[in-house]
Amino acid sequence: MSDDDDIQYVKRQRTLHYGSLEEAERKRQAAGSAASSTTGGGAAATAASTATTAASSTAAAATSTGAQQTTTQTTGAGSATSTTTGGQLEDIDSDEDYEESAKKSAGATKGGQQTPPTAAVLAHRIDDDYFDLEAEMERDTVALLEEFERKKRARQINVSTDDSEIKNNLRQLNEPICYFGEGPAERRRRLKELLASLGENAIKQKQGDGEEDRKLQQREQEQTTWYHEGPDTLRVARLWMADYSLPRARDRLERAKEALEVPSATRAGRMVEMQKKLQSLAPLCSQVGDTRPVSSAAFNEDSTLLLTSSWSGLCKLWSVPDCGLKQTLRGHASYVGGVALRPGVKADEENVVAMASGGHDGAVKLWGFNNEESIADITGHMPHRVSKVSFHPSGRFLATACYDSSWRLWDLEQKTEVLHQEGHAKPVHCLSYQSDGSVLVTGGLDAFGRVWDLRTGRCIMFLEGHLGAIFGVDFSPNGFHIATGSQDNTCKIWDLRRRQPVYTIPAHTNLISDVKYQQDCGSFLVTCSYDSTTKIWSNKTWQPLKTLQGHDNKVISVDISPNSQYIATTSFDRTFKLWAPDS
């Protein structure tokens, strides 16, 4: 039996000590200096080699019996010995250190003969790097199965054979619609593979994302104000409105200062008297206005005339308070939505524009007293509906709310349109002037309102807060409060100075069709609704003061006479009612 059969091969765990390059270089230099310092004469080297051979034989025998181990490594000119006791293994820094020591040993023994290593030494130098075949094969198997599943899904996906539709689908997936040398069949196969990896609903998801982006862009456009370069007539009109509104604003502020000087007891007494007067309101007159629903009503400046419009296309002028028919205006081919009386025109003046009306077909007609035919027609809105018309406090300008998502300003002296203002995302339904004549508020079916400065053309306030379309707006005589009535059954009060809502009135159980402030001092607010009622609210506390009930159907519009003596309401029941304090 040879010595090799007695050797037990032990699998040694490889230990790698990772350090910095500086530390490795320091070890290498220390090993080189130790080798150079131990060089001596040829006889000493030969004696050392002989002693090393004997020590190696002893180490092999000690390994087979489990005794202490002594391993000696020799260089050509000297020897360096490291001893490991108690079954501990040699401390190997890294493979690089071992290779460097082997090279040094080979270089030092070129002149002499080195003793071949024994089996025990070779047993400790076996490399312990293994290739995990099972794990590698498992990874390949998983990848292969995933490839098979993907191809299976691709075969089950139905893709159109229309090449243009395939290109469109690739474009939606942000993929090239064609590769060099690619035919329709290869393109269809590529689309199938993309859908198999991304999912069958990838195209629909992309379309959904695109739709959301379009909606977001549309919302941004809804809140964007567009300005257009206007003609010279607009410049003339704006300068005139600035000259007109500034003195009126000064007078309004003077009146507000005088009102603050009134003793609180006097103000409280006036408020109590007004509330008693409002609580005694009763129907003074109920008149059948037409064979179709009566859509709107408006008082003249001295509260002696009332103009009504109907879905039959007729406009009628009534005397107040006896509600006698004085004039019938014929000319509209479809139902009329809004009417207005021009301030500053007396009832005995003829061939002067005194009234205006807007129709569903987009026709706006200007009327005079004692003449059943229109004086002039404004046709710039066709075919879009004109829902409301309103005269400027000066009587020179006429504003119209149109269902083409814009409103327009007409100069009756220059006889032209001076402003076509966009800004709403949906039709503009209502509008109202400030008492100074410098600001105008509009409300649209997009549930937003906008306040416009007529002297500059800028939108100075954005009314956002309603959950439904705005059907009625009005300015308070104080010049900074705005009331809006909406489809969400609420009436909001806005402060132009703070540019925010100050109160929300849960006014009705159905949509609010119109709102009006008292024109004298704004002490109360009137709202009408499709719940067939009209309600009066206190201006300061917004408490309900009176509910006017009497109409058999929805109430469409309301107006308050300038002298605060009468309230007129129109309804789907084809009547209009005149309300006054019970004497």
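Modeller: Start with helix 9 (residues 232–261). Its buried residues pack against strand 13, strand 14 and strand 15. Packing here rests on contact, meaning heavy atoms within 4.5 Å. This is a predicted model: local features need pLDDT of at least 70, side-chain atom pairs count only at pLDDT 80 or more, and totals for chains, interfaces and linings use all residues. Residues are numbered from 1 along each chain as its sequence is written, and side-chain values use heavy atoms, with hydrogens and water left out.

Colleague: Which residues of helix 9 are buried?

Modeller: In helix 9, Leu234, Ala237, Arg238, Met241, Ala242, Ser245, Ala249 and Arg252 are buried. Buried means under 20% relative accessible area, exposed over 50%, and partly exposed in between (1.4 Å probe, protein chains only).

Colleague: How do you know that the span of helix 9 agrees with its 30 residues?

Modeller: The expected span is 1.5 Å times one less than the number of residues. For the 30 residues of helix 9 that should be 44 Å. The end C-alpha atoms are 45 Å apart, so the two agree.

Colleague: At what angle does helix 9 run to strand 15?

Modeller: Helix 9 runs at about 85 degrees to strand 15, and it lies across strand 13 and strand 14 as well. Axes are lines fitted to C-alpha atoms, for helices over the stretch in contact, and angles run from 0 to 180 degrees between N-to-C directions. Helices (H or I, at least four residues) and strands (E, at least two) are DSSP runs, numbered from the N terminus.

Colleague: What makes strand 14 (residues 406–411) mostly covered?

Modeller: Six of its six residues are buried. Ser406, Arg408 and Trp410 point one way, and Trp407, Leu409 and Asp411 the other. Both sets are buried.

Colleague: How do you know that strand 13 (residues 397–402) is joined to strand 14?

Modeller: Two strands pair if DSSP finds at least two bridges between them. Six bridges join strand 13 to strand 14, and the two run antiparallel. Thr400 has Arg408 as its bridge partner, and Leu398 stands opposite Trp410. Strand 14 also pairs with strand 15 (residues 416–422), again over six bridges and in the antiparallel sense. There, Trp410 has Glu417 as its bridge partner.

Colleague: In which order do the strands of this open sheet stand, and which are at the edges?

Modeller: The order is 12-13-14-15, with antiparallel pairing. Strand 12 (386–391) and strand 15 stand at the edges, because each has a single partner strand and one side of each is left without a neighbour in the sheet. The twist averages 20 degrees from one strand to the next.

Colleague: How many bridges join strand 6 to strand 7?

Modeller: Four, and the strands run antiparallel. Leu317 stands opposite Gln327 in strand 7. These strands belong to an open sheet of four, in the order 4-5-6-7, with antiparallel pairing.

Colleague: Last one: at what angle do helix 5 (residues 133–156) and helix 7 (residues 184–198) cross, and which residues meet?

Modeller: Their axes come within 8 Å and cross at roughly 115 degrees. Arg150, Arg153, Ala154 and Arg155 in helix 5 meet Lys192, Glu193 and Ala196 in helix 7. The contact residues divide into two nonpolar, no polar and five charged. Ala, Val, Leu, Ile, Met, Phe, Trp, Tyr, Cys and Pro count as nonpolar, Asp, Glu, Lys and Arg as charged, and the others, Gly among them, as polar.
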